Amino acid sequence: MRILCVVGARPNFMKMAPVVAALAEAGSRPLLVHTGQHYDQAMSQVFFDQLGMPTPDIHLEVGSDTHARQTARIMTAFEPVLLEQRPDWVVVAGDVNSTVGTGLVAAKLEIPVAHVEAGLRSFDRAMPEEINRVLTDHLSDLLFTTEESGNRNLRHEGIAEERIAFVGNCMVDTLRTHVEAAVAQEPWKELELSPGGYALMTLHRPSNVDDPEVLRSLMDTAARIAEELPVVFPLHPRTRQRLDDLGLDLPTGLRLEPPLPYLSFLGLMARARCVLTDSGGIQEETTALSVPCLTLRWNTERPSTVDAGTNRLVGTEKNKILGAFDDILAGRWQQGEIPPLWDGQAGERIARRLLNEG
């Protein structure tokens with residue numbers, strides 16, 4: 001079988017690495033295509049280096065742009081690859097523009113598409129990722145889900161049962177493989193911090209960083225938290241630009257950092273007192289690590305992290321965030337459980353199903 005795996009942005013790398021490794025272990029050398037949606041050292045190459053992924057066979061180098069232009073550039077660059085390679089399967093992951101763009105090209109060329117991390121729904125169409133998720137699921141032939149909510153969502157949308165495969169979470173595969181090495185690096189020492197002696201924060205969603213009032217409020221809230229606990233804040237390029245535009249004076253307790261390599265970030269996350277984030281993947285990773293997570297959103301496409309895990313939706317209201325933070329400091333936080341099949345074997349299940357489909 002000729003299997004083509006697509007990556008494009010930072011979250012894709014963690015989700016696809018276990019699939020590529022499992023396919024290779026089974027003797028099927030997949031063709032790896034990098035769209036270049038994330039393209040610099042900090043957001044792209046360092047992940048290949050640290051996750052042990054092979055160098056991409058094809059790099060489309062599409063770069064950054066608006067959603068429409070970036071997706072169009074991905075599609076026009078990817079079509080010749082498929083016409084030349086004619087794979088038996090195109091495997092896409094997650095919910096970024098590379099996911100939907102390459103999946104759509106494959107579907108129109110009648111090449112089967114497999115979607116890793118299918119079925120997740122926030123039910124918020126203002127999120128670009130939600131549009132990408134829904135469209136990718138409905139053009140895919142095989143849908144690999146991470147949690148029971150994904151299975152329910154796909155059935156409700158009329159996806160045939162035989163196309164749904166509940167396999168577990170590839171992000172957790174990657175975490176389990178690398179967490180010991182990440183913690184051994186003791187990345188907190190470079191910041192003159194100690195395990196459990198800091199909070200970790202990430203922000204990148206347009207609803208949080210593109211609205212000046214929301215961003216000001218979140219920074220004010222982070223400043224309040226930093227009075228009690230240092231806050232390590234690796235800055236997504238989009239967030240840094242918005243903060244520069246606002247010209248805010250940020251407190252000294254807020255430790256601004258550039259985007260961190262995977263192992264450094266994972267090590268910090270594993271030993272943080274708590275994490276504040278608007279990321280979907282970090283909700284999963286903190287649940288797998290049993291680290292308290294304050295999700296700075298009013299919805300989540302990963303309800304298992306709230307129902308069974310250590311995650312709590314706190315929105316963007318200062319008092320609600322600070323109240324939850326006080327609960328963490330006081331030890332009033334749910335212990336959480338690991339959701340079913342988050343056992344580090346998702347990549348192997350996906351590889352077996354793909355190869356059996358042939």
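Q: Which residues is T35 in contact with, leaving aside its neighbours within four places in sequence?
A: In this predicted model, T35 is in contact with V6, V7, G8, H59, L60, E61, V62, I74, S98 and T102.

Q: Where is T35 found?
A: T35 is in the loop between β2 (31–34) and α2 (41–51).

Q: Is T35 buried or exposed?
A: T35 is buried, at 0% relative accessibility. The cut-off for buried is under 20%.

Q: What does the T35 side chain reach?
A: The T35 side chain reaches the backbone nitrogen of Q37 at 3.2 Å. The T35 side chain also makes a polar contact with the side chain of S98, at 2.6 Å.

Q: Switching to the sheet of 7 strands. What is the strand order?
A: The order is β3-β2-β1-β4-β5-β6-β7. The sheet is open, and the pairing is parallel.

Q: Which strands stand at the edges?
A: β3 (58–59) and β7 (164–166) do. Each has a single partner strand, so one side of each is left without a neighbour in the sheet.

Q: How many bridges do β6 and β7 pair over?
A: Strand β6 (residues 142–145) and β7 pair over 3 bridges, in the parallel sense. L143 has I164 in β7 as its bridge partner.

Q: What does helix α6 touch on the sheet?
A: Helix α6 (residues 148–156) packs on the sheet and touches β5 (113–118), β6 and β7. The direction of α6 makes about 170° with that of β7.

Q: Which residues in α6 are buried?
A: S149, G150, N151, N153 and L154 are buried in α6. What covers the buried residues of α6 includes β5, α5 (128–139), β6 and β7.

Q: What follows α6?
A: G158 follows α6, and the phi of G158 is positive, near 90°.

Q: And α15, which strands does that helix lie across?
A: Helix α15 (residues 346–357) lies across β1 (3–7), β4 (89–93), β5, β6 and β7. α15 runs at about 165° to β6.

Q: Now the largest nonpolar core. How many residues does that core have?
A: The largest nonpolar core has 55 residues. M53, F144 and L354 have the most contacts inside this core. Helix α1 (residues 10–25) gives the largest share of this core, 8 residues.

Q: What does L354 touch, not counting residues up to four places away in sequence?
A: L354 touches M1, I3, W89, V91, A114, L142 and F144.

Q: How many bridges does β8 make with β9?
A: β8 and strand β9 (residues 231–234) pair over 2 bridges, in the parallel sense. In β9, V231 is the bridge partner of A199.

Q: And with β11, how many bridges?
A: β8 and strand β11 (residues 274–277) pair over 4 bridges, also in the parallel sense. V275 in β11 is the bridge partner of L200.

Q: What about cysteines? How many disulfides are there?
A: The count comes to 0 disulfides.

Q: Are C5 and C170 buried or exposed?
A: C5 is buried, at 0% relative accessibility. C170 is buried too, with a relative accessible area of 4%.

Q: Last topic, E186. Where is E186 found?
A: E186 is in the loop between α7 (170–184) and β8 (199–202). E186 counts as partly exposed, at 32% relative accessibility.

Q: What does the E186 side chain make a polar contact with?
A: The E186 side chain makes a polar contact with the side chain of K189, at 2.9 Å.

Q: How far apart are E186 and K318?
A: E186 and K318 are 31 Å apart in space, C-alpha to C-alpha. In sequence, E186 and K318 are 132 residues apart.

How values were computed:
Residues numbered from 1 in each chain as written. Predicted model: local features only at pLDDT ≥ 70, side-chain atom pairs only at ≥ 80, totals over all residues. Heavy atoms only, no water. Pairing = 2+ DSSP bridges. Contact = heavy atoms within 4.5 Å. Axes fitted to C-alpha atoms, helices over the stretch in contact; angles between N-to-C directions. Disulfide = S-S within 2.5 Å. Buried < 20%, exposed > 50% of the residue type's maximum accessible area, 1.4 Å probe, protein only. Core = buried A, V, L, I, M, F, W, Y, C linked by side-chain atoms within 4.5 Å. Polar contact = N/O pair within 3.5 Å; in protein donor to acceptor, adjacent residues only side chain to side chain.
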